[in-house]
Amino acid sequence: MQVGNQTRPRVHQNVVAELARRILSGEIPSGGILASMQDLADELSVSRSALREAIKVLSAKGMVEVRPRIGTRVRPRSGWNLMDPELLSWCGLDFDHHLLESLLKCRQLIEPGAAAMAAANANAGQLAMIENAFLRMKAATSLAERLQADLDFHVSVLSASGNIFLEQWGGTISSILLAAFRISTETAPSDDEAFDVHAEVLDAIRLRNAPRADRAMRRLLTVAAKDLHVAEGAVQKAS
């Protein structure tokens, strides 16, 4: 059976999501042992076969391991496949400060270079997608529209870099990026600064000025760090 969310029966989706929630929240901590198969099956009102399939999914993502005569143990977060889109989507708004800071550091390493590459490589259609996302950000009348447009802006820049790995990386982390954008938007004193720096990124790419695009994206990530209350120095160390 495939473990993708699109093909998994809903009962399996629900069991997987519930067990993932308990692990991500710390209810079942790293090194903790899940209850017995029968006890869990009774508690969740599912069959043991459905529970076994759910544990297989979590095991494939590195979150748990089945140990003979011991049971199912939660693995340390360092062993999880954090680049798995489904795992990131489960994190939602509940990811901890360390994960948030790690994401910002990773973006600081990747996105400025991607913006510079986009300035050099973007075609007319890709430029139009970046500009369209920016205009939708400004015209958004709801938080959901604003967040989706912001996500589309960053993913479009990664795509316009001309590097297939950067393009796929954007798609992979889109779930957690959306959650991070929600936090930064809700805690920011004003959207004005973020809009201004997004405009700088767009202008630099449109003018084919790679160094300026790099610098503008760095400034944008600094604004994000400030809005998320992550120390600027912690992000800048990655650069």
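This is a predicted model: local features need pLDDT of at least 70, side-chain atom pairs count only at pLDDT 80 or more; totals for chains, interfaces and linings use all residues.
Colleague: Let's start with α1. How do you know that its length fits a helix of 15 residues?
Modeller: Helix α1 covers residues 10-24, and at 1.5 Å a residue it should span 21 Å. The C-alpha atoms at its ends are 20 Å apart, so the two values agree.

Colleague: Which residues of α1 are buried?
Modeller: H12, Q13, V15, V16, L19, A20, R22, I23 and L24. Just after the helix comes G26, with a positive phi of about 90°.

Colleague: What makes α1 oblique to α3?
Modeller: The two helices, α3 being residues 48-60, pack at an angle of about 55° with their axes 9 Å apart. Roughly parallel needs an angle under 35 degrees and roughly perpendicular starts at 65, so this pair is called oblique. The crossing of α1 past α3 is right-handed.

Colleague: Which residues make that contact?
Modeller: From α1 it's H12, V15, V16, L19, A20 and I23, and from α3 it's A50, L51, E53, A54, I55, V57 and L58. Sorted by class, that gives 11 nonpolar residues, one polar and one charged.

Colleague: Now α7 and α8. Why is that pair called roughly antiparallel?
Modeller: Helix α7 (residues 143-160) and helix α8 (residues 164-172) pack at about 160°, with axes 7 Å apart. The cut-off for roughly antiparallel is over 145 degrees, so the pair qualifies. Here the crossing is left-handed.

Colleague: And what is the contact of α7 with α8 made of?
Modeller: V155, L158 and S159 come from α7, while L166, E167, W169 and G170 come from α8. That divides into four nonpolar, two polar and one charged.

Colleague: What does D150 touch?
Modeller: Leaving out residues up to four places away in sequence, D150 touches M137, F181 and H198. As for A133, which is 17 residues away along the chain, its C-alpha atom is 6.8 Å from that of D150.

Colleague: On to the loops. What stands out about the backbone of S45?
Modeller: S45 has a positive phi of about 60°, although it isn't a glycine. You'll find S45 in the loop between α2 (37-44) and α3.

Colleague: Why is S45 called exposed?
Modeller: Exposed takes over 50% relative accessibility, and S45 is at 65%, so the label holds.

Colleague: And R69, where is that found?
Modeller: R69 is in the loop between β1 (64-67) and β2 (71-74). R69 isn't a glycine either, yet its phi is positive, about 65°.

Colleague: How do you know that R69 counts as exposed?
Modeller: R69 has 85% relative accessibility against a cut-off of over 50%, so R69 counts as exposed.

Technical notes: Residues are numbered from 1 along each chain as its sequence is written. Side-chain values use heavy atoms; hydrogens and water are left out. Helices (H or I, at least four residues) and strands (E, at least two) are DSSP runs, numbered from the N terminus. The expected span of a helix is 1.5 Å times one less than its number of residues. Buried means under 20% relative accessible area, exposed over 50%, partly exposed in between (1.4 Å probe, protein chains only). Axes are lines fitted to C-alpha atoms, for helices over the stretch in contact, and angles run from 0 to 180 degrees between N-to-C directions. Angles under 35 degrees count as roughly parallel, over 145 as roughly antiparallel, 65 to 115 as roughly perpendicular and the rest as oblique. A crossing is left-handed if the near helix is turned anticlockwise from the far one by less than a right angle, and right-handed if clockwise. Contact means heavy atoms within 4.5 Å. Ala, Val, Leu, Ile, Met, Phe, Trp, Tyr, Cys and Pro count as nonpolar, Asp, Glu, Lys and Arg as charged, and the others, Gly among them, as polar.
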